[in-house]
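These are my notebook entries on a structure that I looked up residue by residue.

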Amino acid sequence: MKALRFVVAVVVLCILSLFLIPQARAGMDAFDVNKMADMSDFDPNHPVIPTGDTIKIALVASFSGPAATVAQMYWACATFVAHDINKRGGILVDGKRKKIQLMKADHMSKPAQTKKVCERMVLHEKVNFLIGTNGSNNMKVINQVAKKYKVIAQDFTALSDELYNATNFTKYSFMTVPSCEVVGKALAYYYGKIRRKEKKFYILCQDYLFGHSMAKGFKRGLELYFPEAEIVGEDYHKLFLKDFAPYLEKIKASGAEVIYTGDWIPDAENFLVQARQMGITLPVANLFLNEPNMLHRVGIAGTNRLVNFSMCGAAEGSAFPTADQVKYYHKWHDQWKKWKAPYNTYLYEHGWSASGSMGSYIQQIYWLMSVIKRAGSTDPDKIIDVWEGDSYRDVFNTVYYMRPSDHKVVADYYVQIYGPPEEQKACFNIPPYYWFKGCSNPIKIYRIPALRCAPPMDTKMARCKGRDIWGNLIK
Amino acid sequence: MESDTVLYISQAMHGLAYGMVLFLVSAGLTLIFGMMGILNIAHASFFMLGAYFCYQVLSMTGNFWVSLIVAPVIVGLLGVLCERYLLRKLHAYGHVGELLLTVGIGMVILGSVKIFWGTESLPVTVPQILKGLVKLGGLEYPIYRLFIIALALVILAIMGLILYKTRLGMIVRGAVSDAEMVNALGINVPAVFMFVFGFGTWLAGVGGVAVAPILTVYPGLSDQVGMDAFVVVVTAGFGSLKGAFIVSIIFGLLSSFGVQFVPKLAPVLMFGFMAIVLALKPAGIFGETE
């Protein structure tokens with residue numbers, strides 16, 4: 001009898017472990033550079049796109065129109081990840097190994113086109129995932145399509161907090177990019193708790209949802225971490241503004257010590273170029289003033305003292321503290337030398353670049369791959385089960401946590417201080433010991449703990465009520 | 001000077017500089033419309049092309065002044081070719097076809113720019129001699145912006161001389177008011193049309209080169225400036241060069257002082273101004289009702 005009980009117990013334990021081990025594993029996964037494929041044949045100009053029975057992912061972005069450069073950048077990141085995964089043999093889903101088939105879905109920066117192209121992708125191309133995109137207005141449409149057709153969407157670039165509030169939330173979409181409030185709080189934390197020198201800030205952002213969210217986040221951050229700070233001016237300019245001089249004149253007259261802006265290119269570039277031409281050398285706290293081609297245009301002096309929020313980066317100190325990180329750097333950089341236009345510019349030189357944006361996009365897409373692998377399926381409900389509350393460690397050892405209550409990522413982020421090439425060695429600790437010779441780039445990186453820059457949670461949503469920043473129920 | 005005075009003078013100067021850029025673009029647009037009755041939708045694309053050619057010539061020669069001369073000439077020649085081999089053939093079929101053709105030309109220019117130069121922004125730096133600030137009393141003003149103002153005034157003076165002091169100018173003015181009569185006098189009106197179209201696109205090219213060092217040179221460059229120039233021409237009255245000049249300055253000043261005093265309304269002030277003008281005078285301030 002005892003022997004029978006023992007056998008039954010062993011069998012039950014074995015059966016339970018079949019369920020429990022994958023569940024336990026699903027709790028945490030990490031990027032491992034040593035598992036990466038040989039990337040020496042990777043070229044974003046000539047990606048190998050498999051067809052047939054594949055995992056179909058639509059990259060929804062502005063492949064045409066004024067913001068085509070942005071989609072071009074996303075494409076390089078997404079094809080890099082897909083190339084690696086495919087060379088490893090793909091991902092085991094529903095009992096079968098499938099490769100990643102990336103598809104371009106051009107939204108032309110127009111919400112109406114976004115709807116059209118997303119529906120075509122879902123209904124005709126039968127894609128399993130929609131990922132994107134530049135423009136919160138376009139991301140909102142992607143999320144609506146995801147909800148309607150029960151397809152998983154990943155927001156890896158649109159930063160507006162409102163995309164995941166009570167009005168817009170859908171369980172089918174996951175925000176893996178830090179939100180506007182995260183950016184604002186992190187920069188405010190840097191000025192209030194780390195630097196503690198400048199106190200007078202001027203906010204200049206673009207006059208639409210994103211710009212206002214960026215300003216709101218910074219003001220919230222100042223309230224929390226720097227109450228003695230003073231906002232000496234606040235302006236919102238129209239998108240694609242040509243002449244920044246009137247705003248810059250106001251900034252000059254305001255006595256500001258720091259300019260805070262959420263502007264992206266081309267506004268960011270016009271703003272910085274014109275500010276420096278007008279003799280305004282104030283430090284600029286920013287998110288997108290990190291595009292290397294633009295930085296080269298402004299030059300070393302003009303880009304010195306930029307304070308950039310980084311979506312992705314190493315821990316404080318050098319950018320490549322471990323051998324794995326150096327190895328990962330070469331996986332991209334060594335191929336870049338062989339690429340032709342448009343991928344042969346400064347923008348693509350460092351892969352994740354000093355800016356962190358591209359590095360973040362790549363790691364976010366790897367996170368999606370990891371979730372698919374652990375779900376073992378492309379079924380939306382199984383993906384949701386794994387991703388909600390999931391943690392993922394990226395190549396820089398930053399742990400991303402997917403808050404289950406509102407699907408926003410919670411993680412440590414970084415603030416980078418820019419300086420001239422001769423000072424970049426402290427950060428860029430491998431030959432040639434500077435990021436770029438012709439412009440300032442990070443010389444110092446500060447880590448901002450997740451607790452200090454967590455995204456807001458809309459407690460009007462039933463699933464967010466009574467929960468802490470990790471989405472756990474407050475006892 | 002008191003700080004407020006300095007601020008207002010600076011804003012006025014910025015308004016003037018932006019107004020001059022608008023004038024450089026809208027002058028060609030209004031000239032082409034006044035002469036040929038064509039609303040050249042591709043005009044802003046020629047402006048953008050000027051900036052791209054400026055980058056190209058600059059990267060080949062390293063000399064901004066060479067690009068200031070060469071780039072607009074190339075744009076002007078392209079304009080001449082467009083008129084001679086595309087627009088002229090459609091002229092007999094009315095303005096709708098011409099209008100649609102200019103839309104097409106604009107799209108072809110945009111596509112070509114992407115093919116030849118890509119979609120990323122290109123760097124054009126301020127020439128060394130025009131870098132820095134000039135001090136006037138308590139005012140510090142960028143030398144390059146002063147250069148833009150001076151350049152536009154010089155071009156205005158040259159245009160004035162050509163239009164009002166030469167036989168060619170007389171023919172052009174005559175053709176603007178009555179092309180058929182000028183034709184009846186034995187003047188080769190198609191050749192005049194070609195010249196005017198080329199000159200108009202040359203002006204757009206000059207505007208493109210002038211702004212290249214202060215703006216991002218990228219495929220979207222034409223969008224906003226094109227819209228502003230169109231509003232200038234409508235408000236001033238189609239075909240009025242004087243009107244384009246005055247309205248450009250008004251819009252420049254509205255933009256600067258709007259940002260200073262009513263920043264939330266600044267982007268719509270020029271449209272508000274246009275609406276008021278058109279409500280009172282539908283042909284524009286200097287436009288003539290047919």
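Entry 1, a salt bridge in chain B. I began with E140(B), which at 31% relative accessibility counts as partly exposed (buried is under 20% relative accessible area, exposed over 50%, partly exposed in between, with a 1.4 Å probe and protein chains only). E140(B) forms a salt bridge with K135(B), the closest N and O atoms being 3.6 Å apart; a salt bridge here is a side-chain nitrogen of Lys or Arg within 4 Å of a carboxyl oxygen of Asp or Glu. K135(B), at 63%, counts as exposed.

Conventions. I note that this is a predicted model, in which local features need pLDDT of at least 70 and side-chain atom pairs count only at pLDDT 80 or more, while totals for chains, interfaces and linings use all residues. Residues are numbered from 1 along each chain as its sequence is written, chains are lettered from A and ligands numbered from 1 in the order in which they are written, and side-chain values use heavy atoms, with hydrogens and water left out.

E181(A) is buried, at 8%, whereas R220(A) is partly exposed, at 37%.
I also looked up E388(A) and R463(A), which form a salt bridge with closest N and O atoms 2.8 Å apart. E388(A) lies in the loop between α13 (380-387) and β14 (391-393), and R463(A) in the segment after β18 (441-448), 75 residues apart.

The contact (heavy atoms within 4.5 Å) takes 34 residues from chain B and 33 residues from chain A. About 2900 Å² is buried between the two chains, 52% of it from carbon and sulfur atoms; buried area is the accessible area (1.4 Å probe) that two parts lose on being put together, summed over both. I found 1 salt bridge between chain B and chain A: D243(A) with R145(B), at 2.9 Å between the closest N and O atoms.

Which residues lie in the loop between β15 and β16 of chain A? I located K408(A) and R403(A) there. K408(A) counts as buried, at 2% relative accessibility, and so does R403(A), at 0%. Beyond four places in sequence, K408(A) is in contact with residues including D161(A), Y164(A) and M175(A).

I placed L153(B) in helix α5 (residues 143-165) of chain B. Is L153(B) partly exposed or buried? At 40% relative accessibility, L153(B) counts as partly exposed. Leaving aside neighbours within four places in sequence, L153(B) is in contact with M20(B) and F245(B). L153(B) and F286(B) are 133 residues apart in sequence and 20 Å apart in space, C-alpha to C-alpha.

Definitions and conventions:
Helix = DSSP H or I, 4+ residues; strand = E, 2+ residues; numbered from the N terminus.
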